[in-house]
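Open the model in your viewer and keep the sequence panel beside it. The tour below goes from one selection to the next.

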Amino acid sequence: MHIFHNAEELTKALCPDIPVLLHRPHAARRAARYFLDQFPGKSLYAVKANPAPELLQLLWDEGVTHYDVASIEEVRLVRALLPDAVICFMHPIKSKQMIAEAYNDHSVRIFSLDTIEELEKIQQATDRANDLTLCIRIKVASEFAEISLASKFGIEVDESISLLQRSRQVAEQLGICFHVGSQAMTPLAYVNALERVRSAIVEASVTIDIVNVGGGFPSIYPDMEPPSLNHYFSAIDRTFEDLPISYSAELWCEPGRALSAEYNSLIVKVEQRRGSDLYINDGAYGTLFDAAHIGWRFPVRLIGCDTKSGIEYSFYGPTCDDMDHMAGPFILPENIKSGDYIEIGMIGAYGSAMRTKFNGYAAIEGHIVSDEPMDSLYSGENLDRSDRENILSFPGA
Ligand SMILES: *Cc1c(COP(=O)(O)O)cnc(C)c1O
């Protein structure tokens, strides 16, 4: 496939009539290398953020060996593509058939759970296997995250004692996991969650082999500029080191967004302008689900134009549905008109993963480009910024 330098070169050459997903393998590699080199433990990839086979393959090539999946389809996908990958089935509610297939046909040994009922199900489905790694998901707050994951899964610490003790009796390895919510804007989210892990370990007095701090590591978007990831890693490292666990206990994380956000951007075409509403050819049922449904503001630029200033626009997607609306505001030049192309950045996480076929607008093209993503947490100043809010400092650090 021809590799274009950037969106401008591509739109000049192809004048695409359907949306184009731009892939930046170099950006995903850089993110993976950063986690593998800097996170003070093992980094898993949370497949749901972006299950594109090329992305899974390049993360594997870069050294990511463990994959966090949440469905049997994701188990099959990863196993077919990466025969030697370690697959971690981290959805706390699974059917017996899914567990059995994962265990018997795809050599999955790592499962998460948050109830006694699920523990019994896992035991039955694996014929009381003695080689399981069981990760107990505890409930933690989502107060520092842009997207909450606090209400659906996880057991309260004071209810987790018997689950931890019973799981300890049947598991080869016992872990505790949590998820602080997606796009966590401060390292404090992890420190507070790890304090709950401490309470659980102390109250249950069980030996813990794995502490899994989950996903939630941020990317960078307009008005959502987090501290650098090194501040998250050092806060996690210090709090983990201080837990009542053995020296051999492992620290894991399972980022989705942080490893995939910079991998893609999107080119859309303006089909019509009505005042400050732009009717574009992708939307709420396509790559822009989060822009529509939770008002996520992705960075945008008019292709072929360097001005950063402009006026506020909102977007309508191509389907006939009123909900196909992305309020933004998105800042673009005043003179924008139908036929123009817009690049929407940082769409690699929860972008193409969300596409549906609704109303017949599923078609999309994919191309590799070699330029930089619109922003990056893994280059330049963003690598070590201490001037942003919510940096956590430890006395004597
Ligand atoms: C979604 C999810 C992740 C990834 O979360 P990000 O916020 O994208 O990093 C990790 N672990 C579990 C269990 C998840 O459900």
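The model is a predicted one.

**Stop 1: Arg 128.** Select Arg 128, in the loop that runs between helix H6 (116-125) and strand E7 (133-137). Its phi is positive, about 55°, although the residue is not a glycine. Is Arg 128 buried or exposed? Arg 128 has a relative accessible area of 54%, so it counts as exposed, the cut-off being over 50%.

**Stop 2: Cys 15.** Cys 15 is not a glycine either, and its phi is positive, near 40°. With a relative accessible area of 53%, Cys 15 is exposed.

**Stop 3: Phe 39.** Select Phe 39, in the loop between helix H2 (25-38) and strand E2 (42-43). Phe 39 is buried, because its relative accessible area is 4% and buried means under 20%. Now show what surrounds this residue. Which residues is Phe 39 in contact with, leaving aside neighbours within four places in sequence? They are Tyr 34, Val 213, Phe 217, Phe 233, Ile 236, Leu 251, Trp 252 and Cys 253.

**Stop 4: the loop between E8 and H7.** Move to the loop between strand E8 (145-147) and helix H7 (161-170), and select Asp 158 there. Asp 158 has 57% relative accessibility and therefore counts as exposed. Select Glu 156, Glu 159 and Glu 203 as well; together with Asp 158 they form a negative surface patch.

Ser 160 is also in the loop between E8 and H7. Where Asp 158 is exposed, Ser 160 is buried, with a relative accessible area of 0%. Apart from neighbours within four places in sequence, Ser 160 is in contact with Ile 155 and Ala 200.

**Stop 5: Gly 328 and Pro 329.** Finish in strand E17 (residues 325-332), where Pro 329 is found. Display the backbone and look at the peptide bond from Gly 328 to Pro 329: this bond is cis, with omega near 5°.

Key
Residues are numbered from 1 along each chain as its sequence is written. This is a predicted model: local features need pLDDT of at least 70, side-chain atom pairs count only at pLDDT 80 or more; totals for chains, interfaces and linings use all residues. Side-chain values use heavy atoms; hydrogens and water are left out. Patches are made of residues with over 30% relative accessible area and no salt bridge: like charges are joined within 9 Å, nonpolar side chains (Val, Leu, Ile, Met, Phe, Trp, Tyr) within 5 Å. Accessible areas come from the Shrake-Rupley method with a 1.4 Å probe; for residues, only the protein chains shown count as cover. A salt bridge is a side-chain nitrogen of Lys or Arg within 4 Å of a carboxyl oxygen of Asp or Glu. Lys and Arg count as positive and Asp and Glu as negative; His and the chain ends are not counted. The place of a charge is taken as NZ of Lys, CZ of Arg, CG of Asp or CD of Glu. Helices (H or I, at least four residues) and strands (E, at least two) are DSSP runs, numbered from the N terminus. Buried means under 20% relative accessible area, exposed over 50%, partly exposed in between (1.4 Å probe, protein chains only). Contact means heavy atoms within 4.5 Å.
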